[in-house]
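Hi everyone, thanks for making time.

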Amino acid sequence: MANPVLDDREIRFLLHDVIEVEQLTTLDHFAGHARDTFEAVVDAARRVARNVLFPGYRALDEHPPRFEDGRIL
């Protein structure tokens with residue numbers, strides 16, 4: 001499933017070419033990481049966003065909560 005908001009190539013470009021996230025590995029806290037670990041985290045976040053969050057938000061967009069008689073329905 002393609003990202004409905006951002007292109008995956010754009011995310012990789014921003015992380016690796018613009019932000020240069022690999023430079024974090026020069027810090028002690030991130031020394032055990034490399035490009036593949038950053039990619040794994042982004043991939044996991046992408047799967048959660050697409051498979052869990054996006055479908056739920058779509059349902060809320062189609063049937064948003066409403067406030068009636070002092071209650072949220």
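Predicted model: local features only at pLDDT ≥ 70, side-chain atom pairs only at ≥ 80, totals over all residues.

Residues are numbered from 1 along each chain as its sequence is written, and side-chain values use heavy atoms, with hydrogens and water left out.

Okay, helix H2. Helices here are DSSP runs of H or I with at least four residues, strands are runs of E with at least two, and both are numbered from the N terminus. H2 covers residues 35-62, which is 28 residues. From its first C-alpha to its last it reaches 38 Å, close to the 40 Å expected at 1.5 Å a residue. That expected span is 1.5 Å times one less than the number of residues in the helix.

Where does H2 kink? At leucine 53, by about 40°, shortly before proline 55. The bend at a residue is the angle between two fitted axes, one for the seven residues ending there and one for the seven starting there.

Now, which residues of H2 are buried? Phe38, Glu39, Arg46 and Arg50 are. By buried I mean under 20% relative accessible area; exposed is over 50%, and partly exposed is in between, with a 1.4 Å probe and protein chains only. Part of the cover over those buried residues comes from helix H1, residues 8-18.

Take glutamate 39, in H2. This glutamate has a relative accessible area of 17%, so it counts as buried. Leaving out residues up to four places away in sequence, glutamate 39 touches Arg12 and His16, and a contact here is heavy atoms within 4.5 Å. Glutamate 39 and arginine 12 are 27 residues apart along the chain, and their C-alpha atoms are separated by 8.3 Å.

Next, the salt bridges. The rule is a side-chain nitrogen of Lys or Arg within 4 Å of a carboxyl oxygen of Asp or Glu, and by that rule the count comes to six. One of them joins aspartate 8 and arginine 46, with the closest N and O atoms 3.1 Å apart. Aspartate 8 is in helix H1 and arginine 46 is in helix H2, so this pair ties together parts that are 38 residues apart in sequence. Arginine 46 is at 14% relative accessibility, so this one counts as buried.

Aspartate 8 also forms a salt bridge with arginine 50, and there the closest N and O atoms are 2.6 Å apart. Again the pair links distant parts of the chain, with aspartate 8 in H1 and arginine 50 in H2, 42 residues apart. Arginine 50 sits at 13% relative accessibility, so it's buried too. Put together, Asp8, Asp43, Arg46 and Arg50 are linked in a network of salt bridges.

There's also a salt bridge between glutamate 68 and arginine 66, closest N and O atoms 2.7 Å apart. Here glutamate 68 is partly exposed at 34%, and arginine 66 is partly exposed at 44%.

Val48, Val52, Leu53, Tyr57 and Leu60 form a nonpolar patch on the surface, with about 470 Å² of accessible area together. Patches are made of residues with over 30% relative accessible area and no salt bridge, joining like charges within 9 Å and nonpolar side chains (Val, Leu, Ile, Met, Phe, Trp, Tyr) within 5 Å. The areas come from the Shrake-Rupley method with a 1.4 Å probe, and for residues only the protein chains shown count as cover. Within H2, valine 48 is partly exposed at 44%, while valine 52 counts as exposed at 54%.

Last stop, the loops. Glutamate 20, in the loop between H1 and H2, has a phi near 55°, a positive value in a residue other than glycine. Glutamate 20 is partly exposed, at 36%. Aspartate 69 isn't a glycine either, and has a positive phi of about 50°. You'll find aspartate 69 in the loop between strand E1 (67-68) and strand E2 (71-72), and at 81% relative accessibility this aspartate counts as exposed.
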